[in-house]
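Subject: Structure handover

Hello,

Here is the structure you are taking over. Please look through it first; my notes on what was found follow below.

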Amino acid sequence: SSGINAEWPLRPGAIDSTFDLEKKRSVPVKYNRELWKNTIHAMKRIQEIRAKRQNQFIKQRLKAGKKLELKDDEKEVEHHIHLIEPKVTVEELYNAALNKTKQKLQEKKKLLEVESMDMD
């Protein structure tokens with residue numbers, strides 16, 4: 001087994017250079033204080049790198065969820081737009097109808113004036 005799951009051939013962490021240090025740990029090495037210090041420092045640095053990569057991966061996965069959530073919110077607003085838009089009152093409807101009627105009367109008057117001028 002190569003350590004890579006068949007369902008997730010490119011999953012993060014499957015192919016990661018930070019695992020190289022773990023592969024070397026079972027090799028016997030003569031004690032060396034400098035090597036020991038460097039190894040401990042490297043282990044801490046590798047933990048930092050792993051944590052950073054894992055956080056980056058999680059953020060990347062959450063981006064898709066945020067986009068879907070935004071689309072769902074937009075659909076909900078469209079569906080419930082009547083709750084957001086102000087309702088039109090009866091008085092506003094009456095005034096709008098009155099204005100339309102006035103405009104139609106003015107247009108008819110203009111037509112009559114133009115026709116009377118043409119007859120003269």
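The chain exposes about 12,200 Å², and carbon and sulfur atoms supply 58% of that area. Please keep in mind that this is a predicted model. Of the 120 residues in the chain, 2% count as buried.

Overall layout

There are 4 helices and 0 strands in the chain. Along the sequence the pattern reads α-α-α-α.

Helix α4

Helix α4 covers residues 90–119, which is 30 residues. From its first C-alpha to its last it reaches 44 Å, close to the 44 Å expected at 1.5 Å a residue. The number of buried residues among the 30 of α4 is 0, so this helix lies largely in the open.

Helix α2 runs over residues 33–79, and tryptophan 36 lies in it. Tryptophan 36 has a relative accessibility of 55% and counts as exposed, because the cut-off for exposed is over 50%.

The salt bridge

How many salt bridges does the count come to? The count is 1. The partners are arginine 45 and glutamate 48, whose side chains meet at 3.1 Å, N to O. Side chains of opposite charge can pair when their charged atoms come close. Both arginine 45 and glutamate 48 lie in helix α2, 3 residues apart, or about one turn of the helix. Are the two partners buried, partly exposed or exposed? Arginine 45 is partly exposed, with a relative accessibility of 44%. Glutamate 48 also counts as partly exposed, at a relative accessible area of 47%. Both values fall in the partly exposed class because buried means under 20% and exposed means over 50%.

One of its members, lysine 63, has its place in helix α2. Glutamate 76 counts as partly exposed, with a relative accessibility of 48%.

To go through the structure yourself, you could start with tryptophan 36 in helix α2, then go on to the pair of arginine 45 and glutamate 48, and end with helix α4.

Regards

How values were computed. Residues are numbered from 1 along each chain as its sequence is written. This is a predicted model: local features need pLDDT of at least 70, side-chain atom pairs count only at pLDDT 80 or more; totals for chains, interfaces and linings use all residues. Side-chain values use heavy atoms; hydrogens and water are left out. Helices (H or I, at least four residues) and strands (E, at least two) are DSSP runs, numbered from the N terminus. Buried means under 20% relative accessible area, exposed over 50%, partly exposed in between (1.4 Å probe, protein chains only). A salt bridge is a side-chain nitrogen of Lys or Arg within 4 Å of a carboxyl oxygen of Asp or Glu. The expected span of a helix is 1.5 Å times one less than its number of residues. Accessible areas come from the Shrake-Rupley method with a 1.4 Å probe; for residues, only the protein chains shown count as cover.
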